[in-house]
Amino acid sequence: MTLPGQIQHGFQSLAQQDEETFNLCEAGLLVGKVLKPSLDLSRYRDEITRLSQDLNTRFQGLCLHNDPLQAKVEALQTLFCKEKGFQGDEDAYDDLDHMNMACLLDEKYGTALCLSMLFIHCTRQCGWAVFGLNFPGYNLICIEHGAKRAILDPFQGCIELDAYTLRQMIKVLGGAEAELQPLFYDMLPAKTLFIRHLGAIKAHFLRCDQVPQALEILEICHILEPSSPAFWRDSGLLHARIGQLSEAIQDLKTALKYTTDMDAIRHTERILTDLQNKTQS
């Protein structure tokens, strides 16, 4: 499969954006159109603009009688989660529509990654300092105001998480001896957050044995991270799985061009040799 030209151009423009300007919602809408080509994205772009404006208006009103950080938290929780109803759904976590920004705006249900992208974009449009956290096993967002910060769980109605709760979450993942580490509070770059979102969509397609659709998602990854050997290796192996050997060989050769790890180089070269032998037999 090949992405439509308009979609390719959109992602090429996004690839040039830095952390401060990377438009998570535009990225989410573009991949949403890949998933559902009939979507009219202009309607959703307008809705996102309205949500951002409404959030800023709500915040300005709350600021009159509240601490600014708490006013931001309350504005986000009240507008998006309590009034608009944006939330996660444990029973349909692998639903492809929940990974589609347009469907999220229509139905109000989404994965933690998709919800994070919407909340981060709209809050940044208001001029707030908001970002995803490098927290293992969970997709959390952080709002900063001066020296203060609040950590929220987008999947659970943007509830605020204190240090005790975060510590318990880590112990669920790592065992009773696990503790919070400073790196868990590191900012997750917006593009990295979106690429994780793409990874979840690709994984969904692979679970459903829809390799061509997974390759479409990898095509987006190539545009955003053209020198990532992992993405080129993935697409090469998937092309090989469905018998597209010439495409597989080309992608694996590209992966080698960007690979520096010697073990990975040797492994990729062995696969290449096997594929080339198959094309000659």
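1. For salt bridges, the rule here is a side-chain nitrogen of Lys or Arg within 4 Å of a carboxyl oxygen of Asp or Glu. Keep in mind that we're looking at a predicted model. By that rule, the count comes to twelve salt bridges.

2. Start with D106 and R43, whose side chains meet in a salt bridge at 3.5 Å, N to O. D106 belongs to helix α5 (residues 101-107) and R43 to helix α3 (residues 41-63), so the contact ties together parts 63 residues apart in sequence. D106 is partly exposed, at 36% relative accessibility. R43 counts as partly exposed too, at 43%. R43 also has a ring to look at: its charged end sits over Y44, 4.2 Å from the ring centre.

3. Helix α3 comes up again with K108 and E47. These two form a salt bridge, with 3.7 Å between the closest N and O atoms. K108 is in the loop between α5 and α6, E47 is in helix α3, and 61 residues separate them. Are K108 and E47 buried or exposed? Both are buried.

4. Next, K148 pairs with D67 in a salt bridge, the closest N and O atoms being 3.2 Å apart. Here strand β3 (residues 148-153), which holds K148, is linked to the loop between α3 and α4, which holds D67; the two residues are 81 apart. Both ends count as partly exposed: K148 has a relative accessible area of 47%, and D67 comes in at 32%. Salt bridges with shared partners also join R167, K171 and E179 into one network.

5. On to the rings. A search of the whole structure finds seven aromatic pairs. One of them is F80 with F119, edge-to-face, at 5.3 Å centre to centre and 75 degrees between the planes. F80 sits in helix α4 (residues 68-83) and F119 in helix α6 (residues 112-125), 39 residues apart, and the pair links these distant parts of the chain. Elsewhere, ring pairs link F11, F22 and F194 into a cluster. There's also a charge-over-ring contact where R149 lies over the face of Y185, 4.4 Å from the ring centre.

6. Which residues line the largest cavity? They are S116, G132, L133, Y138, N139, L140, L188, L193 and R196. By type, the lining divides into five nonpolar, three polar and one charged. Strand β1 (129-133) and helix α8 (190-207) each supply at least two of the lining residues.

How values were computed
Residues numbered from 1 in each chain as written. Predicted model: local features only at pLDDT ≥ 70, side-chain atom pairs only at ≥ 80, totals over all residues. Heavy atoms only, no water. 1 Å grid on protein atoms, 1.4 Å probe; cavity = no way out; pocket = protein on both sides within 12 Å on 5 of 7 lines; lining within 4 Å. Helix = DSSP H or I, 4+ residues; strand = E, 2+ residues; numbered from the N terminus. Nonpolar A, V, L, I, M, F, W, Y, C, P; charged D, E, K, R; others polar. Phe/Tyr/Trp six-rings, centres within 6.5 Å; stacked < 30°, edge-to-face > 60°. Lys NZ or Arg CZ within 6 Å of the ring centre and 35° of its normal. Buried < 20%, exposed > 50% of the residue type's maximum accessible area, 1.4 Å probe, protein only.
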